[in-house]
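Subject: Structure handover

Hello,

Here is the structure I promised to pass on. Please open it alongside this note; my findings follow.

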Amino acid sequence: MSDEPSLSNTSDDETALRAVTMHRPRWGDPTTPADLPAAAAALAGADAVADTGVDPDAVVLAEPAVPEAVRTALVKLLGASNVSADHRDRIDHTRGYSTTDLLTLRGGDGSDAPDLVVAPANHGDVVRLLELCAHHRVAVVPFTGGTSVVGGLTPQRAGFAGVVSVDLHRLDQLVEVDEISRTATLQAGLRGVRAEELLRANGFTLGHFPQSYAGAGIGGYAATRSAGQSSAGYGRFDEMVEHLVLATPRGTVEFGTAPRSAAGPDLRHLVLGSEGAFGIITEVTVRIHPTPTRRVFEGWGFADFDAGAAALRRLAQDGPMPTVLRLSDEVETAINLADPDDLGGDTGGCLAVVGYEGAAAEVDRRRDATTEVLGQAGGTYAGTEPGQAWRAGRFRAPYLRDPLLDAGVLVETLETVTYWSRLAEVKAAVTDAVTTALADLGTEPLVMCHISHVYAAGASLYFTVVCPQTPNPIEQWAAAKAAANTAIRASGASITHHHGVGRDHRATYHDEVGALAVEALRAVKRTLDPDGVCNPGILL
Ligand SMILES: Cc1cc2nc3c(=O)[nH]c(=O)nc-3n(C[C@H](O)[C@H](O)[C@H](O)COP(=O)(O)OP(=O)(O)OC[C@H]3O[C@@H](n4cnc5c(N)ncnc54)[C@H](O)[C@@H]3O)c2cc1C
């Protein structure tokens with residue numbers, strides 16, 4: 001390699017990030033908002049009117065509907081300071097962080113606000129509050145970081161005596177580190193950033209860094225089968241999980257007794273991805289790794305997306321595997337939203353970001369071997385600067401959505417996963433469907449795509465869509481998303497690789513798995529949650 005790799009501990013990397021308290025409808029640390037990049041203003045169109053939406057404090061909420069007896073019992077169980085009907089608390093637990101969620105709240109609609117926000121201190125509290133809510137038919141929404149983008153925090157209210165959001169932030173302990181087995185037991189309310197801090201103090205990393213890292217947490221990762229940006233090296237979150245503890249209205253169930261077992265089906269996978277529909281995950285034991293002593297992030301250029309995808313496939317199938325492996329298509333390479341200063345810059349072709357983490361000698365060995373494969377596959381080494389720039393900006397990128405929405409730009413993402421043999425077809429079908437749907441509304445979009453999670457058999461596709469807003473951007477996005485869902489299903493891909501099902505994907509998910517499978521899941525729900533109070537309308 002011509003340039004010396006940097007061992008990075010810069011102030012803007014994941015080791016320096018602090019967990020922040022987010023306030024809907026804006027992202028991240030309120031003291032560090034993003035400015036609208038000058039070049040992005042043009043994306044809004046000539047008629048755009050700047051609008052930051054209704055002040056959240058002015059959003060009108062219904063009187064809390066939970067029966068007084070339930071509220072009194074919750075106060076007795078958790079203490080008055082952990083049972084809140086405060087306006088700001090309710091707003092901050094209203095829906096998630098999809099663009100539709102944000103636009104709905106910006107429009108002054110607080111109709112999905114929970115009646116109460118409660119904060120249990122431990123597993124026993126969670127079991128008891130579930131029993132109580134089941135007895136009184138009050139719907140329960142588990143809340144870890146609140147960053148769901150699929151309507152996972154918007155339960156069905158009809159038929160229930162009220163809705164309680166269970167914020168798990170007090171379950172924030174690193175329970176145990178088993179250095180010999182290299183596992184750690186984490187309470188579910190731990191935010192990802194804090195979990196990493198605690199593990200780092202013990203010489204370990206979890207290696208799970210989703211783009212929502214500033215907000216999301218352990219319970220949410222497990223409940224949604226989250227995938228972090230280092231999935232090539234560390235795996236998806238569901239692949240890291242050894243053991244889970246689930247609180248249900250009928251008591252406690254534990255899943256996972258050994259690293260591999262032939263004792264029937266692997267029941268951990270009933271809970272991973274269950275999105276609160278079967279109960280509340282209170283504790284997760286995960287695999288951990290020694291803190292890396294070397295990190296290198298670099299860029300590779302490819303003539304086009306197909307050439308880049310073929311190179312990634314070679315690595316995924318025959319190795320070696322870097323820790324981070326992602327490929328932007330031509331449009332995303334040219335329009336780099338993660339680096340606002342670079343907006344509009346056109347380097348041509350496609351950029352791949354390749355990252356390595358681990359012990360120094362092992363990183364060097366893996367990097368040399370990967371370099372050889374990528375070179376043979378037609379890649380051009382672009383130095384460490386593009387990789388470092390991506391790493392430095394990756395957790396800032398979500399901040400950009402707020403000024404874009406303020407300026408009248410519609411921006412949203414969607415994702416899917418398919419086999420390598422169908423990847424190009426699925427990419428083209430989704431791009432075409434979204435483009436046609438939005439162009440029909442007079443708002444021709446930019447549709448960008450990248451691969452960020454690879455497997456021997458296939459890869460995920462992640463799309464970012466940007467266009468001027470129409471007067472009704474919620475309906476506008478609904479049209480685009482419906483077209484994308486149809487294209488995804490018609491091309492045989494899955495409705496989601498890592499965002500999950502929630503309410504938004506429920507119908508398409510049921511179509512994907514089939515009626516009998518849905519019936520089987522309903523039977524599980526009936527057993528664990530006979531009154532159906534656990535996140536009703538989510539997943540099932
Ligand atoms: C800007 C942005 C970037 C994102 N990037 C990524 C990414 O890179 N990778 C990725 O995988 N996802 C990403 N997401 C989606 C989201 O962050 C993930 O789904 C994440 O795993 C959710 O974690 P959370 O702690 O915020 O969960 P929450 O939003 O609190 O909950 C998610 C769902 O799980 C349920 N739930 C929460 N906690 C529990 C629990 N303890 N037990 C049972 N059910 C529970 C909730 O009721 C809800 O249905 C992104 C979202 C945003 C807004």
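In what order do the five strands of the open sheet stand, and is the pairing parallel or antiparallel? This is a predicted model, so read everything below with that in mind. The order is β5-β6-β10-β8-β9, and the pairing is antiparallel. The edges are taken by β5 (174-178) and β9 (251-255). Each has a single partner strand, so one side of each lacks a neighbour in the sheet. From one strand to the next, the twist averages 10°.

Look next at β6 (residues 183-187) and β10 (residues 280-287). Five bridges hold this antiparallel pair. One to check: Ala184 has Val286 of β10 as its bridge partner. Helix α4 (residues 123-135) packs on the sheet. It touches β8 (241-248), β9 and β10, and its direction makes about 45° with that of β8.

Helix α4 also meets α1 (residues 68-78). Their axes come within 11 Å and cross at roughly 170°. An angle over 145 degrees counts as roughly antiparallel, so α1 is roughly antiparallel to α4. On the α1 side, the contact is made by Val70, Ala73, Leu74, Leu77 and Leu78. On the α4 side, Asp125, Arg128, Leu129 and Leu132 make it. By class, that gives seven nonpolar residues, two charged and no polar.

Helix α10 (residues 305-318) is next. Its 14 residues reach 20 Å from first C-alpha to last, close to the 20 Å expected at 1.5 Å a residue. Its buried residues are Phe305, Gly308, Ala309, Ala311, Leu312, Arg313, Leu315 and Ala316. An α-helix has 3.6 residues a turn, so residues three or four places apart point the same way. Keep that in mind when you view the list. Gly319 follows α10, with a positive phi near 75°. The peptide bond from Gly319 to Pro320 is cis, and its omega is near -5°. Pro320 sits in the loop between α10 and β13 (324-328).

There is another cis bond to inspect. It joins Arg24 and Pro25, with omega about 5°. Pro25 is in the segment before α1.

Arg95 has a positive phi, near 55°. It lies in the loop between α2 (87-91) and α3 (99-106). Arg182 also has a positive phi near 55°. Its place is the loop between β5 and β6. Are these two buried or partly exposed? Arg95 is buried, because 25 other C-beta atoms lie within 10 Å and 20 or more is the cut-off. Arg182 counts as partly exposed, with 13 C-beta neighbours inside 10 Å.

Last, Phe209. This residue is in the loop between β7 (204-205) and α6 (218-224). Phe209 is buried, with 23 other C-beta atoms within 10 Å. Which residues does it touch, leaving aside neighbours within four places in sequence? The contacts are Glu14, Gly228, Gln229 and Ser230. Glu14 is 195 residues from Phe209 in sequence, yet the two are 7.8 Å apart in space, C-alpha to C-alpha.

Best wishes

How values were computed:
Residues are numbered from 1 along each chain as its sequence is written. This is a predicted model: local features need pLDDT of at least 70, side-chain atom pairs count only at pLDDT 80 or more; totals for chains, interfaces and linings use all residues. Helices (H or I, at least four residues) and strands (E, at least two) are DSSP runs, numbered from the N terminus. The expected span of a helix is 1.5 Å times one less than its number of residues. A residue is buried if 20 or more other C-beta atoms lie within 10 Å of its own, exposed if 12 or fewer, and partly exposed in between; C-beta atoms are placed from the backbone. Two strands pair if DSSP finds at least two bridges between them. Axes are lines fitted to C-alpha atoms, for helices over the stretch in contact, and angles run from 0 to 180 degrees between N-to-C directions. Two residues are in contact if their C-beta atoms, placed from the backbone, lie within 7 Å. Angles under 35 degrees count as roughly parallel, over 145 as roughly antiparallel, 65 to 115 as roughly perpendicular and the rest as oblique. Ala, Val, Leu, Ile, Met, Phe, Trp, Tyr, Cys and Pro count as nonpolar, Asp, Glu, Lys and Arg as charged, and the others, Gly among them, as polar.
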